[in-house]
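This report concerns a single protein structure. The sequence and model are shown first.

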Amino acid sequence: QVQLVESGGGLVQAGGSLRLSCAASGNIFSINAMGWYRQAPGKQRDLVALITSDGRLNYADSVKGRFTISRDNAKNTVSLQMNSLKPEDTGVYYCAADRVRGSGGFFLKLWGQGTQVTVSS
């Protein structure tokens, strides 16, 4: 069974930095895209950053120039370096993997358990 396990997150002052990491565990053959989504209190879950298996990137406009997503295809890991954090970056950050093929079958989308990021002003 494929699972996504996140680490990182926490409390930081505005202007600070945090790094989130996510590892996909299980017998995995391939993952198309991996990314990070954010859900603020009372709001929907929105894309923050995405990286495909061939390195194509997609960022939300609000984080461009501040966040950097990276991926290690061999280890099935994805990281999000967040700099110049703002209070509006506060929320639960979820790791996601799209089109995952493993010994347990095909999964259109998998989610991690989420990790809290709080940016104080």
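Predicted model: local features only at pLDDT ≥ 70, side-chain atom pairs only at ≥ 80, totals over all residues.

**Aromatic cluster**

Two aromatic pairs are found in a search of the whole structure. The table gives their geometry.

| Pair | Centre to centre | Angle between planes | Arrangement |
|---|---|---|---|
| Tyr37 and Trp111 | 4.9 Å | 70° | edge-to-face |
| Tyr94 and Trp111 | 6.4 Å | 90° | edge-to-face |

The pair of Tyr37 and Trp111 joins strand β4 to strand β10 (residues 105-111), across 74 residues of the chain. Tyr94, in strand β9 (residues 91-102), stands 17 residues from Trp111 in strand β10. Through these ring pairs, Tyr37, Tyr94 and Trp111 are linked into a cluster. Tyr37 is buried, at a relative accessible area of 13%, and Tyr94 is buried at 14%, whereas Trp111 is partly exposed at 36%.

Arg45 is placed over the face of Tyr94, 3.5 Å from the ring centre. The charged end of Arg45 also sits over the ring of Trp111, at 4.5 Å from its centre.

**Largest pocket**

The largest pocket holds about 160 Å³ of space. Its lining includes Arg38, Lys43, Asp46, Leu47, Val48 and Glu88. Both β4 (28-39) and β5 (45-52) supply at least two lining residues, and β5 gives the most, with three. By class, the lining comprises four nonpolar, four polar and four charged residues.

**Asn76**

Asn76 lies in the loop between β7 (67-72) and β8 (77-82). Asn76 counts as buried because its relative accessibility is 16%, under the 20% limit. Beyond its neighbours within four places in sequence, Asn76 contacts Cys22, Ala23, Ala24, Ile28, Ile31 and Met34.

Terms used: Residues numbered from 1 in each chain as written. Heavy atoms only, no water. Helix = DSSP H or I, 4+ residues; strand = E, 2+ residues; numbered from the N terminus. Buried < 20%, exposed > 50% of the residue type's maximum accessible area, 1.4 Å probe, protein only. Contact = heavy atoms within 4.5 Å. 1 Å grid on protein atoms, 1.4 Å probe; cavity = no way out; pocket = protein on both sides within 12 Å on 5 of 7 lines; lining within 4 Å. Points joined across faces, edges and corners; volume = space filled by probe spheres on them. Nonpolar A, V, L, I, M, F, W, Y, C, P; charged D, E, K, R; others polar. Phe/Tyr/Trp six-rings, centres within 6.5 Å; stacked < 30°, edge-to-face > 60°. Lys NZ or Arg CZ within 6 Å of the ring centre and 35° of its normal.
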